[in-house]
Amino acid sequence: MADSITLRVTRWRPDKNTPPGPQEYDVPLRKEWTVLDGLNHIKDELDQTLAFRWSCRMGICGSCGMNVNGEPRLSCGAFLTDYAPGPVDVEPLANFPIARDLVVDMSDFMEKLPRVKPWIIRDDDVTEIDGEYLQTPEELDAYKQFSMCINCMLCYAACPVYGLDPTFIGPAAIALAERYDLDSRDQGARERLDVLIEHEGVWGCTFVGECTRVCPKHVDPAGAIQRYKLKAAQENVKAFLLPRGMR
Amino acid sequence: MTKRRIEPLVWMTFSAGGVTAAMFMPVLAFLFALAFPLGWITPPSRDHLLDILQNPVTFLVLLGMFTVMLVHAAHRFRYTLYDGLQLKWRWQIAMLCYGGAMLGAGAAFIILGQVF
Amino acid sequence: MSQDLTYRRPISTWWWLRKRTYFVFVMRELSSLFVAWFVFFLLLLIRAVSRGEAAYEDFLDWASSPLAVVVNVVAFVFIVVHTVTWFAVTPQAMALQVRGRPVPAPLVIGAQYVGLAVVTAFVWWLVLR
């Protein structure tokens, strides 16, 4: 095994007038190192001006999403040896505006997520309940997969529809709406449907399926979206057919 | 109260057209576009085809199938134009695509009716 | 925050050539154009059948011309692409459950191919009896 590998890292500063471009760094090629370890080596030993996000370094916080050799990856999950002999292109997460170097502006996602009301919505007006909500293992299984989302936004980076039409609400938001709709404790499906039945909701999705392929937690947002379309269509037919009171 | 929207109904039609095309087009295309013209299989007589076409059930089934398949194509092509060419006139593209599908459905109605 | 100090990267028109899965996706979408082509083709056939024996023969002659055959072979390939990709994504698009247990994907896909076989056999019989 060679003892080093080149990382070609995108650099950009908002106060300079040059477009983003790669800068090369040689980092040690250690068996257990990930791209994130390489970036931390750069910042610690080679170039402290490099900016990037990271936190848990173990694939659960969702902070370190980047494009590695064109693929949306968590940099803490991309092992350098998998890219040997390199060089490895490390770019900011696709489809998001660059704030600086590898840091992207995620405010669009932060605006979209609350729109689908990703929390338990109840009809009853209680602030204190008599014990816990009971849920069987089968009821948990119904939504568990979609609850694995860590909001890492790799799915947004993979989605060509989101890249071309930033008004599209996006894979993670819809998958999280489905997570709550399928939760037996939740009674808010109607409110989420009203948001997602709009054009920038589910209908922009053309089922490319790339979101599911890049998801590090196997959430399958593409599947969630298609099922949501069917559900929305069924509710819509009922809205047309049934008189006002029964809808 | 759920809002009423047209887009979900268009999507359902698109889906119906997709299933129809997936199930029926392979055999129809194989027989009528390849096997019969190329003589791999002896084509049926004109009288036999006319016989099938003059059945009112055939008229309704074919009209329904052609319509949903045309809507399927219009819907997919509309989104391909959005994503492929990144065109900005979304409303106009949608009208052109579904309008084309409706014209096709109209033509199907007339042509299927002419067998009677 | 008064100013947007971020850099927005443009998306190339050729974005779909950059990754194999994107390319397959666009081919799948374009298959719908060939579905529309065959609708048009079948309508021309039906019109020829209405017009008489001679028109029907003329139609079959035209359909056997080299240009028509090339177009129809390409179109037929895309129809197969449509069928195969449509069947393949159905399990992901519909979470089917029988008696509370999810139906495994290969069963859903297999059932669709059985449907295809039944439809093909029916149309074959109807047209060629």
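The questions and answers below concern a predicted model with its interfaces, salt bridges, backbone features and a charged surface patch.

Reader: How much area is buried between chain C and chain B, and what share of it is on carbon and sulfur atoms?

Author: The contact itself takes in 49 residues of chain C and 50 residues of chain B. On the side of chain C, the residues that lose the most area to chain B are C:Leu43, C:Trp86 and C:Val127, which together give 13% of what that side buries. Between them, chain C and chain B bury about 4,500 Å², and the share on carbon and sulfur atoms is 78%.

Reader: Which residues form a salt bridge across the interface of chain C and chain B?

Author: Across this interface the rule finds one salt bridge.

Reader: What area is buried between chain B and chain A, and what part do carbon and sulfur atoms give?

Author: Here 15 residues come from chain B and 23 residues from chain A. The size of an interface is often given as the accessible area lost when the parts come together. For chain B and chain A that area is about 2,100 Å², with carbon and sulfur atoms giving 60%.

Reader: How far apart are the closest N and O atoms of B:Arg90 and A:Asp165?

Author: Two salt bridges are found by the rule across the interface of chain B and chain A. B:Arg90 and A:Asp165 form a salt bridge, and the distance between their closest N and O atoms is 3.4 Å.

Reader: Why does the pair of A:Arg8 and A:Asp89 tie together parts that are apart in sequence, and by how many residues?

Author: Over all chains, a search of the whole structure finds 26 salt bridges, and one of the salt bridges in the model joins A:Arg8 to A:Asp89, with the closest N and O atoms 2.8 Å apart. Because A:Arg8 lies in strand E1 (residues 4-11) of chain A while A:Asp89 lies in strand E5 (residues 88-92) of chain A, the pair ties together parts whose separation in sequence is 81 residues.

Reader: What is phi of A:Asn151?

Author: Most residues other than glycine have a negative phi, and most peptide bonds are trans. A:Asn151 is placed in the loop between helix H3 (137-144) and helix H4 (154-158) of chain A. This residue is other than glycine and yet has a positive phi, near 55°.

Reader: Which helix gives the largest share of the negative patch?

Author: The negative surface patch is formed by B:Asp47, B:Asp51, C:Glu53, C:Glu57, C:Asp58 and C:Asp61. At least two residues of the patch are supplied by each of helix H2 (46-53) of chain B and helix H2 (53-63) of chain C, and C:Asp58 lies in the latter helix. The largest share, four residues, comes from H2(C).

Definitions and conventions. Residues numbered from 1 in each chain as written. Chains lettered and ligands numbered in written order. Predicted model: local features only at pLDDT ≥ 70, side-chain atom pairs only at ≥ 80, totals over all residues. Heavy atoms only, no water. Patch = residues over 30% accessible without salt bridge, like charges linked within 9 Å, V, L, I, M, F, W, Y side chains within 5 Å. Areas by Shrake-Rupley, 256 points an atom, 1.4 Å probe, with all protein chains shown as cover. Salt bridge = Lys/Arg side-chain N within 4 Å of Asp/Glu carboxyl O. Lys, Arg positive; Asp, Glu negative; His and termini not counted. Charge placed at Lys NZ, Arg CZ, Asp CG, Glu CD. Contact = heavy atoms within 4.5 Å. Buried area = accessible area lost by both parts, 1.4 Å probe.
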